[in-house]
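Visitor: I am new to this kind of picture, and I would like to learn how to read a few of its features. Could you take me through them slowly?

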Amino acid sequence: RSSDLQGDPGFQGLPGPCTPQMQSSFLAFLTVSYPKSTLPVPFGRVGYNPQNHFNNITSIYTAPANGTYYFSFSLSVYGRVLLLGLFRNGKLSAKIGRA
């Protein structure tokens, strides 16, 4: 049957217009028990930051491109009030906790 026969592979074409999906991730840890309020939380230890989009000096993440980002975190507090804000371009975007 002629449908079972294959010819030689053709030449490789030029790259298409799509670019690879950009990935960005980081993992940071607190090194102080009770950070100062109204300031960015100082994550003193970075465990993973291959693209260097998280600045461990300022504790600010800079998104490399427009898009939708997913942030996940885990917090534990004993005997203190916890209020946490996530800011986008200096403006409060999400607030977690209660006074």
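Guide: Let us begin with a charge and a ring: a charge sits over a ring if NZ of Lys or CZ of Arg is within 6 Å of the ring centre and within 35 degrees of the ring normal. In this model, which is predicted, the charged end of Arg45 sits over the ring of Phe29, at 4.2 Å from the ring's centre.

Visitor: How many aromatic pairs does the structure hold?

Guide: A pair of aromatic rings is described by the distance of the centres and the angle of the planes. The structure holds five such pairs. In one of them, Phe26 and Phe54 have ring centres 4.5 Å apart and planes at 5°, so this pair is stacked. Because Phe26 lies in the segment before strand E1 (27-29) and Phe54 in strand E3, the pair ties together parts that are 28 residues apart in sequence. Phe54 is buried at 4% relative accessibility, whereas Phe26 is partly exposed at 29%.

Visitor: Which residues form one aromatic cluster?

Guide: The cluster is formed by Phe26, Phe43, Phe54, Tyr61, Tyr69 and Phe71.

Terms used
Residues are numbered from 1 along each chain as its sequence is written. This is a predicted model: local features need pLDDT of at least 70, side-chain atom pairs count only at pLDDT 80 or more; totals for chains, interfaces and linings use all residues. Side-chain values use heavy atoms; hydrogens and water are left out. Rings of Phe, Tyr and Trp (its six-membered ring) pair if their centres lie within 6.5 Å; planes under 30 degrees apart count as stacked, over 60 as edge-to-face and the rest as tilted. Helices (H or I, at least four residues) and strands (E, at least two) are DSSP runs, numbered from the N terminus. Buried means under 20% relative accessible area, exposed over 50%, partly exposed in between (1.4 Å probe, protein chains only).
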